[in-house]
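Let us read a two-chain model feature by feature.

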Amino acid sequence: MPQLPGRGLIKGLGVTFKTMTQPAVTVQYPKEKEEPPTRARGVIALKEENCTACMLCGRECPDWCIYIEGHKEKRPPRREGGKPRTVNILDRFDIDYALCMYCGICVEVCPFDALFWTPEYEYSEARIADLLHDKDKLGEWMATVPEPEALEAGAEKKK
Amino acid sequence: MLALSLSYWQVTTIKTLVVLSIVPAGAIILGYVFLLKMMAHMQSRLGPMEPGGFHGWFQLIGDGIKFIQKEDIIPAEADRRVFALAPLVILISTFLIYVVVPSGPRLVVQDLDVGIFFALAVSSLSVVGVLMAGWSSANKYSLLGALRAAGQLIAYELPLVLAVVGVVIQAGTMSLQGIVHAQADQAIFGVHLVGNPFVITQVLGFILFLAAAQAELSQTPFDMPVAESELVAGFMTEYSGFRFLFFFISEFGTAFALAGLAATLYLGGWYQPWFRHGLMADLLGPLVLGVKVMFVAFLIFWIRFTFPRFREDQLQTFAWKYLIPLSLLNIVLTGILKVAF
């Protein structure tokens, strides 16, 4: 069937008209907020008790925006007569969000599940120096970490 | 009744004030309803929502206030007097169109016998202002934009005029008031219903008029003169502050005026079948005309927000190879039908 010339033009007019009659996809931001998806990369949270100050995240960070300081301490041995244990104590863990490019390599590389993505995104600051989140601030973000999604039916349970 | 008790200068003052207020008001209404809100919704967003409290109705007025406060910058190399005059020339051509558009049996500034001829003549005055603006800016983008605009306005002036000839043949008069009455009285191919809005018998002419008006207004499929990706803002590039505001008002004021012309020529103007004379007709006239103007403006801006821009050669081809032959055909057909019925 031969197509009418200008058929596409009419179709285009139809598209804009239809869009006009539908509600807008944008929201009025400060008044209403969109729910970011659970896996959104908003800010990185630190679970301090899991961190061993192994420095893997800091070394893998492409921007070098993670600052870690720690020291070793001796602890009493687990068994009677054993050698005293050495543990790493975390003194400082800062992420400079003015440098961070949200690649997520630190979260991937952490062997002890101490870093988590959270979808929170409202932490802009008037001063650029305030974008340096210290370990207390990063710990506060832990409250906003979403539960991991449920496993698919029939998936192997984690041991 | 009312007009008789006033002296000539009083009537003239009132008419002048009305036109002076309708042009910016029309520009603001079209700009707000279509440019800000309708375009936003066609792009699935909301547009301005905050200024003025209710759906951002104050946005354009606020913009106007902002423009007035700005410094009046004239480039060092510019031809100062011509540069300063150009926006006024364009604005005056906009104001003059309003002189002949009737919005009621007595609500017309001056019902000229050659009304439509006058309107088309003064609307093409704007090309002088555009050339003045482009030449005096001492800017290559301005000059190119002005030359493109001049070429386009002249090319599309022809189908605009030729499309109107069909209406004039059918109505037998060039007075816009006469054309409104002709549409009220005539029959559609011998059938008397509610008169004959010429959009029915002149449907080709209506489409041609709309296409040419779109180009006359430099609205988007035909906005090569102000193509921002290549010419910054065309002939308006060097303008800022209230001179830019003048360009804005005249662009949308002219859109309002041409929509009014289209409504008067093709959609029956202010006429509604219940009141032909007297106070009620004068009161209802502006409302009826306003609704039709908004409808025509909706068509213009709907097309504007939907289609991408023509290339320069496509733009000229469209006028000379398609619109002008079609409008000549329209005249011939109208002539034949006029004699036949």
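Q: How many aromatic pairs does a search of the whole structure find over all chains?

A: This is a predicted model. The search finds 25 aromatic pairs over all chains. Ring pairs are sorted by the angle between their planes: under 30 degrees is stacked, over 60 is edge-to-face. Take Tyr97(A) and Tyr102(A). Their planes are 25° apart, so the pair counts as stacked. Centre to centre, the rings of Tyr97(A) and Tyr102(A) are 6.0 Å apart.

Q: What kind of aromatic pair do Phe235(B) and Phe247(B) form?

A: Check the angle again. The planes of Phe235(B) and Phe247(B) are 70° apart, and the pair is edge-to-face. The centres lie 5.6 Å apart.

Q: Where in chain B do Phe235(B) and Phe247(B) lie?

A: Phe235(B) is in the loop between α10 (228-231) and α11 (241-266). Phe247(B) is in helix α11 of chain B. Phe235(B) is buried at 9% relative accessible area. Phe247(B) is also buried, at 3% relative accessibility.

Q: How many residues of chain A are in contact with chain B?

A: Start an interface with its contact count. Here 13 residues of chain A are in contact with 15 residues of chain B. Then look at area. About 1,300 Å² is buried between the chains, and carbon and sulfur atoms give 68% of that. Leu13(A), Met20(A) and Gln28(A) supply 40% of the area that chain A buries against chain B, more than any other three residues.

Q: Which residues form a salt bridge across the interface of chain A and chain B?

A: Look for oppositely charged side chains. The rule finds one salt bridge across this interface. Lys31(A) pairs with Glu50(B), and their closest N and O atoms are 2.9 Å apart. The side of chain A that touches chain B has seven nonpolar residues, five polar and one charged. Between the two chains, five residue pairs are in polar contact, both residues at pLDDT 80 or more.

Q: What does the side chain of Gln214(B) reach?

A: Gln214(B) lies in helix α9 (residues 203-216) of chain B. Its relative accessible area is 3%, so Gln214(B) is buried. The side chain of Gln214(B) reaches the backbone oxygen of Ile300(B) at 3.0 Å. Beyond four places away in sequence, Gln214(B) touches residues including Pro221(B), Phe222(B), Ile303(B) and Arg304(B).

Q: How many residues of helix α5 of chain B are buried?

A: Count along the helix. Eight of the 11 residues of α5 (residues 126-136) are buried, so this helix is largely enclosed by the rest of the structure. Among them are Val127(B), Val130(B), Met132(B) and Ala133(B).

Q: What covers the buried residues of α5(B)?

A: The cover includes α3 (80-97), α4 (115-123), α6 (140-171) and α11 of chain B. Finally, check what comes after the helix: α5(B) is followed by Ala138(B), which has a positive phi near 55°.

Notes: Residues numbered from 1 in each chain as written. Chains lettered and ligands numbered in written order. Heavy atoms only, no water. Contact = heavy atoms within 4.5 Å. Buried area = accessible area lost by both parts, 1.4 Å probe. Salt bridge = Lys/Arg side-chain N within 4 Å of Asp/Glu carboxyl O. Polar contact = N/O pair within 3.5 Å; in protein donor to acceptor, adjacent residues only side chain to side chain. Nonpolar A, V, L, I, M, F, W, Y, C, P; charged D, E, K, R; others polar. Phe/Tyr/Trp six-rings, centres within 6.5 Å; stacked < 30°, edge-to-face > 60°. Helix = DSSP H or I, 4+ residues; strand = E, 2+ residues; numbered from the N terminus. Buried < 20%, exposed > 50% of the residue type's maximum accessible area, 1.4 Å probe, protein only.
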